[in-house]
Number of protein chains: 2
Amino acid sequence: VKLARRSRGAEPPPNLTTDPLVYQGGSGVLRAPTDPVPLGAPEWGLDFEGELCAILADVPAGTRAADAEPHVRLLCLANDLTFRNLVPGELAKNFGFFQSKPATAFSPFAVTPDELGPAWRQGRVHLPLRVHHNGQLVGQCDAGEMHFSFFDLVAHIARTRAFTAGTLLGSGTVSNEDRARGISCLVERRMIEQLESGAALTPYLQRADRVRLEMLDGAGRNVFGTIDEEVS
Amino acid sequence: VKLARRSRGAEPPPNLTTDPLVYQGGSGVLRAPTDPVPLGAPEWGLDFEGELCAILADVPAGTRAADAEPHVRLLCLANDLTFRNLVPGELAKNFGFFQSKPATAFSPFAVTPDELGPAWRQGRVHLPLRVHHNGQLVGQCDAGEMHFSFFDLVAHIARTRAFTAGTLLGSGTVSNEDRARGISCLVERRMIEQLESGAALTPYLQRADRVRLEMLDGAGRNVFGTIDEEVS
């Protein structure tokens, strides 16, 4: 979001760092980690978005960030797929994302936060998200570089209403200030290309493209298993 | 929406009549027809919104309006509650409604469309929605005056993704051009007051207010039972 706004020459909104940008996604259809991903119409511009995801216990309305930890019961990975070229039209309508958001894919395993040991602290997972696109390592951003922690996000979503056990709460795309860490979504690279060369060169996903998301702990163990998808 | 835009002196967007405004609501918590409705903070401005709601069968991605009828399996009523004073801030963020939308309440019964006889035609329910606020009949708008039919709405939501059986698809607040039919939400009356007298006079819901929604068929039968809620 920051990059996108900068590239349009606009200042970010004053509350960007104090008020999380959260949308309600669909939950009727969830995608398994190796399900083929339909390309849709090629002009919709399918992109991947590598994210952490918290699975919540029941959350009462009004839960505060300081009280949120016991409500985060499991963590997993998600590929929050997006049709990028449908986003501007939906943003212009002010009603949020809808057609631009096909079903999200999830990692094969979810783990309790204690399984992460010291990598889970202050409501963040301090491990790199390894992202491969067509066999090439394109990102290993630190998922701990998250402006709002999962506890902050729980407090945000529960400000006016309760949530049921099993609620899936995404972190937003994992992204780092340090560009050398790479990307967790193609649009971030396209924004950088736009800024540096005046044109976005990397195309969005094509048929037969592969996306692979995983997270290794300090001992090199694959914590959540691998999301490994082919675009069909 | 139309009234709101007119009152701001702005023209409606050119695609208002061709592109439905649909948002994704929460489904984790659903409210029973007589559950007390929490007021929340009084300054959030709780409002009711009387709607028809279709309950869908599995809907494949790409379903067209002409093929949508078999996917509409049940119809019911809904009170799509809204914290009106949280809406402007959320619209400004472009990510859609989230904190402004507490859990929706549903009628005690859902019926198959054939139970409505001739009142169900072209994907619309041609019956008045009777709305009582604190015992006073404030609206009996014809729910058939719906710009987009449920078939149009199915095609819109399924443009890029599939939906599971049990998906709840709301009509949007029932509203008529003829002001004599009254209202199905307080903000509509407030907009009219604003236009006619320069100030919105009707307050939003207060503690101990009652909202009653029901729909009688041609023979006077209460088709879906009654949503009858007290604000607590």
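Is Lys93(B) buried or exposed? Please go on from there to its partners and to the interface around it.

A: This is a predicted model, in which local features need pLDDT of at least 70 and side-chain atom pairs count only at pLDDT 80 or more, while totals for chains, interfaces and linings use all residues. Residues are numbered from 1 along each chain as its sequence is written, chains are lettered from A and ligands numbered from 1 in the order in which they are written, and side-chain values use heavy atoms, with hydrogens and water left out.

Lys93(B) counts as buried, because its relative accessibility is 15%. Buried means under 20% relative accessible area, exposed over 50%, and partly exposed in between (1.4 Å probe, protein chains only). The residue sits in helix α2 (residues 87-93) of chain B. Helices (H or I, at least four residues) and strands (E, at least two) are DSSP runs, numbered from the N terminus.

Now the partners. Lys93(B) touches Asp19(A), Pro20(A), Leu21(A) and His156(A), leaving aside residues up to four places away in sequence. Contact here means heavy atoms within 4.5 Å. With Asp19(A), Lys93(B) forms a salt bridge, the closest N and O atoms being 3.0 Å apart. The term requires a side-chain nitrogen of Lys or Arg within 4 Å of a carboxyl oxygen of Asp or Glu. The side chains of Lys93(B) and Asp19(A) are also joined by a polar contact of 3.0 Å. That is a pair of N or O atoms within 3.5 Å; within protein, one must be able to donate a hydrogen and the other to accept it, and residues adjacent in sequence count only if both atoms are side-chain atoms.

Next, Asp19(B). Its side chain makes a polar contact of 3.0 Å with the side chain of Lys93(A). Asp19(B) lies in the loop between α1 (2-7) and β1 (46-47) of chain B. It counts as partly exposed, because its relative accessibility is 21%. Apart from residues up to four places away in sequence, Asp19(B) touches Lys93(A), Phe148(B) and His156(B). Asp19(B) and Phe148(B) are 129 residues apart along the chain, yet their C-alpha atoms are separated by 8.9 Å.

At the helix start, a side-chain oxygen of Ser149(B) comes within 3.1 Å of the backbone nitrogen of Phe151(B).

Now the whole interface. Here 32 residues of chain A contact 32 residues of chain B. The chains bury about 3500 Å² between them, 58% of it on carbon and sulfur atoms. In chain A, Phe95(A), Phe98(A) and Gln99(A) lose the most area to chain B, together 24% of what that side buries. Buried area is the accessible area (1.4 Å probe) that two parts lose on being put together, summed over both. The count between the chains is two salt bridges. There are 14 residue pairs in polar contact across the interface (both at pLDDT 80 or more).

Last, the symmetry. A rotation of 180° with 0.0 Å of shift along its axis superposes chain A on chain B (RMSD 0.0 Å). The copies are thus related as by a two-fold rotation axis.

Key:
Least-squares fit on C-alpha atoms with pLDDT ≥ 70 in both.
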